[in-house]
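I'm opening a notebook page for this structure. I'll jot down what I look up as I go.

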Amino acid sequence: MSVSHRRATHLIAHADAGAAEPEPAAEPAPESEDAVASADAEEGEAEAAVAVAVAEEEEEPAPKRKPKFGEIIAILNKQFIEEAEKVKVLPDLRPGDIIELRMQRPNKRRLSLFKGIIIAKHKSGVHTTIRVRRIIAGVGVEITFPIYSPRIKEIKVIRRKKVRRAKLYYLKHKLPRFSTFK
Amino acid sequence: MCIRVIGAAGNQRYARIGDVIVAVIKDALPQMPLERSEVIRAVIVRTCKEFKCEDGIIIRYDDNAAVIIDQKGNPKGTRVFGAIAEELRELNFTKIVSLAPETLFIFSFI
């Protein structure tokens, strides 16, 4: 079919050099792929391969829709998260978990240890963060960690506390003993 | 009470963790070496306002705290209470960090 042949050459050109060949304005579909692939090519070869892989997947079973420009972030997020998960395995984290977190200190070999209860989890792709609270030396401390950061080496869930909220901001107004963990 | 942030640009309004401030004592316990309405220098060690680091880590304490220092940066007192970030060591406040009962090593200042 001439349509699939043209689309295949289009993709090969993108995979090679990232140079976008201007397609005739007859079909809006390759143009959106143009924008998709050229935007990816600016970021690097891996991203161009993603666009190629996605488009190729869709080609085989009779393509229904192309990846829109707004879906690139979702594709990239999934890729970054997969790369981060290869290095470390993250358990299922929820508010109310009492966790132990090990983080890399710059220029030092030993890992620092942080304990506390998760009071909030903000999900936004690769910048998913958890907010951990603990009383340290009589002072309450809340630290927000991006969990897919390469500086965080290990997260371990020690206990689960039963909570009926998604965000436990009420803990800072409660007695200190509710935020104290040995 | 804070009067001035030392070393701040003209448009910097607020001090953050690690900044040295000029302050005046509003309330003091009796029989202490420092008295009310004395002008002193202090370094801020904990703030209720979040401190954002470049790698995405945000730290927030439950109280505001400062340590009174002299002109050279050595603490005037002999004890320090509460958690102190070890990053103050890089700003030449090593004595304060060594007096702290517990230190947190999380982030790096710019």
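Predicted model: local features only at pLDDT ≥ 70, side-chain atom pairs only at ≥ 80, totals over all residues.

Residues are numbered from 1 along each chain as its sequence is written, chains are lettered from A and ligands numbered from 1 in the order in which they are written, and side-chain values use heavy atoms, with hydrogens and water left out.

**Chain B overall**

I looked up burial first: 43% of the 110 residues in chain B are buried. Next I checked the secondary structure, where helices (H or I, at least four residues) and strands (E, at least two) are DSSP runs numbered from the N terminus. Chain B has 1 helix and 8 strands, and from the N terminus its elements go β-β-β-β-β-β-β-α-β. Its radius of gyration (over C-alpha atoms) is 14 Å, close to the 13 Å from the globule rule (2.2 Å times the number of residues to the power 0.38), so chain B is as compact as a globular protein of that length. I also noted a box of roughly 45 × 35 × 25 Å for the C-alpha atoms of chain B, along the principal axes.

**The cores**

Which residues have the most contacts inside the largest nonpolar core? I use "nonpolar core" for a set of buried Ala, Val, Leu, Ile, Met, Phe, Trp, Tyr and Cys residues joined through side-chain atoms within 4.5 Å. The largest one has 29 residues, and those with the most contacts inside it are A:Ile99, A:Leu101, A:Ile130, A:Phe145, A:Ile155, B:Tyr61 and B:Leu104. E4(A) gives the most to this core, 4 residues. Not counting residues up to four places away in sequence, B:Leu104 touches, among others, A:Phe114, A:Ile136 and A:Val141 in chain A, and B:Ile59 and B:Tyr61 in chain B. There is a second, separate core of 13 residues, including B:Val20 and B:Ala100.

**A:Ile117**

I found A:Ile117 in strand E2 of chain A. A:Ile117 counts as buried because its relative accessibility is 0%. Its C-alpha atom is 8.9 Å from that of A:Arg160, 43 residues apart along the chain. Leaving aside neighbours within four places, contacts of A:Ile117 include A:Leu168, A:Leu171 and A:Phe181.

**B:Thr47**

B:Thr47 is in the loop between strands E3 (39-46) and E4 (51-52) of chain B. At 12% relative accessibility, B:Thr47 is buried too. A polar atom of its side chain lies 3.0 Å from the backbone oxygen of B:Lys49. Beyond neighbours within four places in sequence, B:Thr47 is in contact with B:Ile17, B:Arg60, B:Tyr61, B:Asp63 and B:Asn64.

**Cysteines**

How many disulfides are there over all chains? My search of the whole structure gave 0, with a disulfide taken as a pair of cysteine sulfur atoms within 2.5 Å. For B:Cys48, the nearest cysteine sulfur, that of B:Cys2, is 15 Å away. B:Cys48 is partly exposed, at 28% relative accessible area. For B:Cys53, the nearest is the sulfur of B:Cys48, 17 Å away, and B:Cys53 counts as buried at 10% relative accessibility.

Key
Buried < 20%, exposed > 50% of the residue type's maximum accessible area, 1.4 Å probe, protein only. Contact = heavy atoms within 4.5 Å. Polar contact = N/O pair within 3.5 Å; in protein donor to acceptor, adjacent residues only side chain to side chain.
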